Amino acid sequence: MTARIRSRAGSSFGAALVPVLGVLAGCLPTLAAQTAAPPGRSARLDPVDGFWQPSSYRLELSAGIAIAVTCEHGSPCEHMKATSDNPAIVEVRPASLGVLERGWSGDAQTSAAMVVVGKSAGATTIRVHAKEGDRVIAVTVIPPPAH
Amino acid sequence: MRLLPLVLVAAGCGTTGALQQVSLMGQCAESDAACSRRHPVAPLAVGATFHPELETSVTGTTTPTLRLESADPSVLAVDASGALVAKAPGASAVLISADDGSVVDFVHVWVAPVTAVTVARRDGDRIVGSIGLAVGEDLVLAPALWNGSQRLVGDASVRWSASSDATISLLHDGSADRRRLRARAPGKATITVALGDAKTSIDIEVVP
């Protein structure tokens, strides 16, 4: 069997230059949603704009719903660990994704991912720590529609 | 992120996880059409149980040891045997995790109340009128649970009753909800199938 490798930067020199400049400028890792919200429920990750890159992230999630989020910094984040300030509102679990991501330097690493689960309505914070830097996600868990 | 295409197994039906690494199917024999129709692509009926079978499609590994967890046990619980138990209307993520707790995949499962019960033959043909049987003849019937026009899935504790035990016997056939009707003596009987407030009746005429 062959490993699945996804090229993130492509062959364009310009595209390859962007993450290089980002690293040189001290950019922090970026987060991205990898799964869609189910019908009638919310699972949305948005960056909070900063000067050069997102200053933080906000996540709106329905109770009982999950979303997968990846962390990268030119290539998958190293030693990523995420914690919830209030696991009763939102739970964070590491995710095992069997896919390789090729970074700007040409190396390939297994995706760094987590799964966030809305447990009950409320607001809290997820703190993502990786070798490349830390990120904060402000989470709002909304109740499901009444039946 | 899109992973390997999923290989669905014999029943030809199942739900692929959001990360496309795990498929969740019913525990059905290939030839058991009545069972395979219970695949969890439809909502589970409140009060029903679904016995899942898991299969992964991750390059370079067989299926690891997996366990299921519910994001909202008040909507959908996971019992000690790994079965999904529908508790209340709503939706809940079912997390499929490896032995270290890391999530390999997840599936959002919906639960809906039962508004109607119908009865079908084992091949899925719905019973809409009366049934005539000869003495000694058997007929296997299975209930179908509905929420409006949407068919629900899962094994439910459906109540079967016959107006005349002398005319018709209702026999278990190894399934939680199916029954085998045996025509015992000439006459007429009514079979009633109920789950909660939803119920339906079938007229049976047994001839010599």
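**Reading strand order and pairing in a predicted model**

User: In what order do the strands of the open sheet in chain B lie, and what kind of pairing does this sheet have?

Analyst: In this predicted model, the open sheet of chain B has 4 strands in the order S12-S19-S18-S15, and its pairing is mixed. The edge strands are S12 (131-134) and S15 (159-162) of chain B, each of which pairs on one side only. From one strand to the next, the twist averages 25°.

User: In which sense does S12(B) pair with S19(B), and over how many bridges?

Analyst: S12(B) pairs with strand S19 of chain B, residues 198-207, in the parallel sense, and the pairing extends over 4 bridges. To place this contact on the residues, take B:Ile131, whose bridge partner in S19(B) is B:Ile204.

User: How should I think about the side chains along a strand?

Analyst: In a regular strand, the side chains alternate between the two faces of the sheet.

User: Turning to chain A, which sense of pairing joins S11(A) to S12(A), and how many residues lie between them in the hairpin?

Analyst: Strand S11 of chain A, residues 122-130, runs antiparallel to S12(A), and 9 bridges join the two; they form a hairpin with 2 residues between them. Within this pairing, A:Thr125 stands opposite A:Ala138 of S12(A).

User: In what sense does S4(A) pair with S12(A)?

Analyst: Strand S4 of chain A, residues 56-62, pairs with S12(A), residues 133-142, in the parallel sense over 6 bridges, and here A:Tyr57 has A:Ile137 in S12(A) as its bridge partner.

Terms used:
Residues numbered from 1 in each chain as written. Chains lettered and ligands numbered in written order. Predicted model: local features only at pLDDT ≥ 70, side-chain atom pairs only at ≥ 80, totals over all residues. Pairing = 2+ DSSP bridges. Axes fitted to C-alpha atoms, helices over the stretch in contact; angles between N-to-C directions.
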